[in-house]
Amino acid sequence: MSKAQSSTPTSPKEGPGEPRTFGVTGSAGFLGSTLVDRLLAQGHRVVGLDDLSYGSRENFAQHADNPSFAFHKADVTDKAATIEILRGCEVLVHLAAHKIPRYGSALRTLEVNVEGTRNVLEAAQVRKQLGLPVHVTMASTSDVYGKSPALPFREDGDLVLGPSDVPRWAYATSKLFEEHLAFAYQQEYGITTALMRFFGAYGPRHHLSWWGGPQSVFISAILDGAQITVHGDGLQTRTFTFVEDTVRGIQACCDWAGQGCEIFNIGAPLGEITIVDFARLVHRLVREECPDLDISAEPPIVFVPYASFSERPYEDVRRRVPDPTKAREVLGFEAQVGVEEGLRRTIRWHRAAWAAAKAAEGRPALPPSEGA
Ligand SMILES: NC(=O)c1ccc[n+]([C@@H]2O[C@H](COP(=O)([O-])OP(=O)(O)OC[C@H]3O[C@@H](n4cnc5c(N)ncnc54)[C@H](O)[C@@H]3O)[C@@H](O)[C@H]2O)c1
């Protein structure tokens with residue numbers, strides 16, 4: 001537990017620009033903790049909120065003695081707690097969310113993402129009523145574009161979601177509801193909000209499971225000497241954005257000087273790649289980054305039909321590519337890190353985290369041929 005568990009941080013370090021107080025929900029997660037590092041390094045104050053359901057204290061342990069940082073373990077669906085924790089923050093960054101578990105129920109996804117968003121907007125409204133400045137930045141997702149054929153995806157384009165009896169759409173629907181809520185709060189109460197549609201962020205601190213994205217699952221499988229499982233025909237495409245770029249995009253949205261409510265694609269437009277080619281790329285880079293491991297020369301890819309991992313219908317999105325024009329012109333944001341460079345840095349971090357996780361489980365960290 002951070003020693004500043006229930007206090008408001010004080011004494012910012014010197015940094016660029018005027019130090020501000022940021023309230024970050026989901027601060028113990030992948031993007032949240034990386035953002036916290038960046039904000040503190042720049043001399044801002046940060047109040048973090050996370051229920052630690054998927055985030056980790058390890059992600060912010062380095063700030064335990066930093067008086068500019070306070071952490072609160074809390075559930076963002078708890079309205080009173082959320083308002084109280086965020087009361088002293090002029091910039092609210094809402095990243096806490098539940099992604100739909102592939103094998104699980106959609107209910108928690110809908111609850112957390114809808115109620116949590118409402119509570120963060122209520123916290124903003126409380127500040128507004130007190131005449132205090134407040135700027136909201138919220139995480140949406142590129143998944144809201146769904147099956148839209150209008151590529152690359154523009155923020156003002158149509159959104160094409162699948163039917164409601166396909167549970168995977170609950171996540172996109174919850175984020176779309178969040179977007180509508182933000183527009184409604186802007187209309188009713190004049191709350192300024194930047195909505196971020198992220199495109200496949202990856203990098204150090206991603207979750208070591210499918211929750212962390214395909215690269216995480218692929219790297220673990222390769223290190224384990226296991227098969228690389230690709231869903232469907234593997235010809236669905238994605239673009240991947242290195243975490244440093246995504247977090248620069250979040251900060252650009254926090255610094256956005258406009259009024260009203262606006263949506264921004266935060267992603268790397270170049271490098272659209274099929275998932276099967278992405279699996280091959282990850283395999284090659286893991287081999288190159290880990291020459292001491294006995295990794296097969298050929299990527300052991302197996303194709304698994306969607307129907308085999310869920311009795312319920314599953315619909316994948318075939319292509320997902322952002323149009324970066326608005327983020328570039330309005331925010332001055334452009335992704336800079338190429339996928340090979342980003343993946344190499346990710347693999348080096350992942351290997352260390354994977355070994356630590358194995359050690360904690362009492363299992364050897366190397367594939368059997370290299371293990372104990
Ligand atoms: N990483 C990506 O590629 C990506 C893509 C699209 C959208 N997003 C969105 O960006 C945001 C951050 O994603 P991330 O990749 O860092 O995910 P993450 O799971 O690492 O971080 C989310 C954090 O929210 C916390 N959380 C979950 N439920 C909570 C609750 N009820 N109360 C308080 N905290 C709670 C978790 O413990 C976790 O630390 C999310 O809103 C996600 O939907 C991410």
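Q: In this predicted model, does α2 pass α3 in a right-handed or a left-handed crossing?
A: The crossing of α2 past α3 is right-handed.

Q: What makes α2 oblique to α3?
A: Helix α2 (residues 79-86) packs against α3 at about 45 degrees, and the two axes lie 9 Å apart. Angles under 35 degrees count as roughly parallel and 65 to 115 as roughly perpendicular, and the pair α2 and α3 is therefore oblique. On the α2 side the contact involves K79, T82, I83 and L86, and on the α3 side N119, V120, E122, A123 and V126. By class these residues are five nonpolar, two polar and two charged.

Q: What makes α5 oblique to α9?
A: Helix α5 (residues 214-224) packs on α9 at about 60 degrees, the axes being 10 Å apart. Since 65 degrees is where roughly perpendicular begins, the orientation of α5 to α9 is oblique. In the contact, Q215, S216, I219, S220 and L223 of α5 face L343, T346, I347, H350, R351 and W354 of α9. The classes here are five nonpolar, five polar and one charged. α5 passes α9 in a right-handed crossing.

Q: Why do β3 and β11 count as edges of the sheet?
A: The sheet is open and has seven strands in the order β3-β2-β1-β4-β5-β6-β11, paired in parallel. β3 (69-73) and β11 (261-266) each have a single partner strand, so one side of each has no neighbour in the sheet. On average, neighbouring strands are turned by 20 degrees against each other, direction ignored.

Q: How do you know that β4 pairs with β5?
A: Strands pair if there are at least two bridges between them, and four bridges join β4 (residues 91-94) to β5. The two run parallel. Within this pair, L92 is opposite V136 of β5.

Q: Which strands does α1 touch where it packs on the sheet?
A: α1 touches β1 (21-25), β2 (45-50), β3 and β4, and its direction makes about 165 degrees with that of β2. Helix α6 (residues 243-255) touches β4, β5, β6 (192-198) and β11, and makes about 165 degrees with the direction of β6. Over 145 degrees counts as roughly antiparallel.

Q: Which residues are the closest of those that surround the ligand?
A: They are G26, G29, L31, G55 and A97, out of 29 surrounding residues. Two or more residues of the shell come from each of α1 (30-41), α3 (107-129) and β5 (135-141). The largest share, three residues, is given by α1.

Q: What is the omega of the peptide bond that joins L151 and P152?
A: Omega is about -10 degrees, and the bond is cis. P152 lies in the loop between β5 and α4 (169-189). Most peptide bonds are trans.

Q: What is the phi of L52, which is not a glycine?
A: The phi of L52 is positive, at about 65 degrees. Most residues other than glycine have a negative phi. L52 is in the loop between β2 and β3.

How values were computed: Residues are numbered from 1 along each chain as its sequence is written. This is a predicted model: local features need pLDDT of at least 70, side-chain atom pairs count only at pLDDT 80 or more; totals for chains, interfaces and linings use all residues. A residue is near a molecule or strand if its C-beta atom, placed from the backbone, lies within 6 Å of it. Axes are lines fitted to C-alpha atoms, for helices over the stretch in contact, and angles run from 0 to 180 degrees between N-to-C directions. Two residues are in contact if their C-beta atoms, placed from the backbone, lie within 7 Å. A crossing is left-handed if the near helix is turned anticlockwise from the far one by less than a right angle, and right-handed if clockwise. Ala, Val, Leu, Ile, Met, Phe, Trp, Tyr, Cys and Pro count as nonpolar, Asp, Glu, Lys and Arg as charged, and the others, Gly among them, as polar.
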